[in-house]
Amino acid sequence: MTDTIGTDRRTGVVVDAEELVRDHPPAETGAVAFLGAQFDRGLAWVHFPTGRGGRGLPQGRQADVDRVLRASGAPDAFLRNPIGHGMAAPTVVVHGSDRLQERLLRPLFTGEELWAQLFSEPGAGSDLAGLATRAEWDGRVWRVTGQKVWTSLAQHARWALLVARTDPDVPKHKGLTYFVVDLHHPGVDVRPLRQLTGDAEFNEVYLDDVEIDDGWRLGEVGDGWRVAMTTLMSERKALGGRSSARGDGTIGDALRLWAQRPELRTPADEQHLLDLAVRAEAQRLTGWRHGAEQGDAPMGSRGAIDKVVGAELNQAVYDFCMRVLGVEATRYTHPGPDDPHTTPPADRSLTWKFLRSRANTIEGGTSEILRNIIGERLLGLPGDVRVDKDVPWRDVPRS
């Protein structure tokens, strides 16, 4: 393997990615085997520690690896396990014990073990810190009881990230603790929710006296909000800031439609497409700049910009595609299984993508909440009035 230390770092990861492709041709290698080899060579997340799928390099170097692998047709680990790759892995590597990192990260990256995120609740969606699911220590294990909702892919997942209330007598942000929970454990009941696309991607998850060993806790007791911030910042970056080549990604769908269906073109639509392409290029370059500036530091609140811009651009692109297709776009049938292993979302129809994009400005933090974060934390604008800031969670009125 090429040495990646010193001034040749960028060249090193590119050369090693090319070597990975030569040793494991994607067209002849199963996805699990290819991704396992990628992890073992430290090319899964180059900013992760050695032995954990990385090399301790700045995160911006990952784009060099991804560019080589994407051009070769290599499997996309994010699409196979989006919550695991985009949210669980960054949280486990920062807050998990060595034992948890060793147990969880490799099968997460290969997609052998899918992940879900047990955050939203019927009474606490955008106000995550208001959640009511309880975890109580009985002297031997934590016992968890409560209800989560809008849990993506929980019906397929083995593991989930869980935030639960462990102290109701302190203000809401201070009484939370963070765990990894085995969704195959007794007491976990997953009920799929049918959505606009016809898929049952989201779920209700009921937790009835579920036992969790203390070794599966991430961070300290009562420090769950800080751990959750690692997850949420990573989520916003994953949902809104994935690097892509010029003309690729969501805008690529619109450009291909325009190229393949000349009979549908109008001058007005051409101008609209150009405007969208400019927005997409600005988003792509901004994401690259954020990655380059980030270095080894966490993405922080700037990830909110990537998420808001990316979500709203996705919707605008697929609105455009539907208008160009006209009545043809209404001929929609459900494409079949919603397991990401069998039907990658990127391969589905434009109408499916249009319907799915309606969730983009809600999932992973609504655009309204994220604009609050941008205003308060990045621009220094006055914050919202928060009447429950110093009130014990037990005494906060709830509907």
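**Ground rules.** I am working on a predicted model, where local features need pLDDT of at least 70, side-chain atom pairs count only at pLDDT 80 or more, and totals for chains, interfaces and linings use all residues. Residues are numbered from 1 along each chain as its sequence is written, and side-chain values use heavy atoms, with hydrogens and water left out.

**Whole chain.** I found 12 helices and 8 strands in the protein chain; these are DSSP runs, numbered from the N terminus, with helices being H or I of at least four residues and strands E of at least two. Of its 399 residues, 51% count as buried (under 20% relative accessible area with a 1.4 Å probe, protein chains only; exposed is over 50%, partly exposed in between). I also checked contacts (heavy atoms within 4.5 Å): among those between residues at least 6 apart in sequence, 70% join residues at least 24 apart.

**H8.** Helix H8 covers residues 249-260, and its 12 residues reach 17 Å from first C-alpha to last, close to the 16 Å expected at 1.5 Å a residue (the expected span is 1.5 Å times one less than the number of residues). Its buried residues include Ile251, Ala254, Leu257 and Trp258.

**H10 against H12.** At what angle do H10 and H12 pack? I got about 145° for H10 (residues 302-325) and H12 (residues 367-378), with the axes 9 Å apart; axes are lines fitted to C-alpha atoms over the stretch in contact, and angles run from 0 to 180 degrees between N-to-C directions. On the H10 side the contact includes Ile305, Val308 and Glu312, and on the H12 side Leu370, Ile374 and Leu378.

**Rings.** The structure holds 11 aromatic pairs (ring centres of Phe, Tyr and Trp, the last by its six-membered ring, within 6.5 Å; planes under 30 degrees apart are stacked, over 60 edge-to-face, the rest tilted). Phe39 and Trp45 have centres 6.3 Å apart and planes at 85°, so I logged them as edge-to-face. Phe39 is buried at 8% relative accessible area, and Trp45 is buried at 5%. Phe39 and Phe109 have centres 6.3 Å apart and planes at 40°, so that pair is tilted. Phe39 sits in H2 (residues 31-40) and Phe109 in H6 (residues 98-110), so the pair ties together parts 70 residues apart in sequence. Phe109 is buried too, like Phe39.
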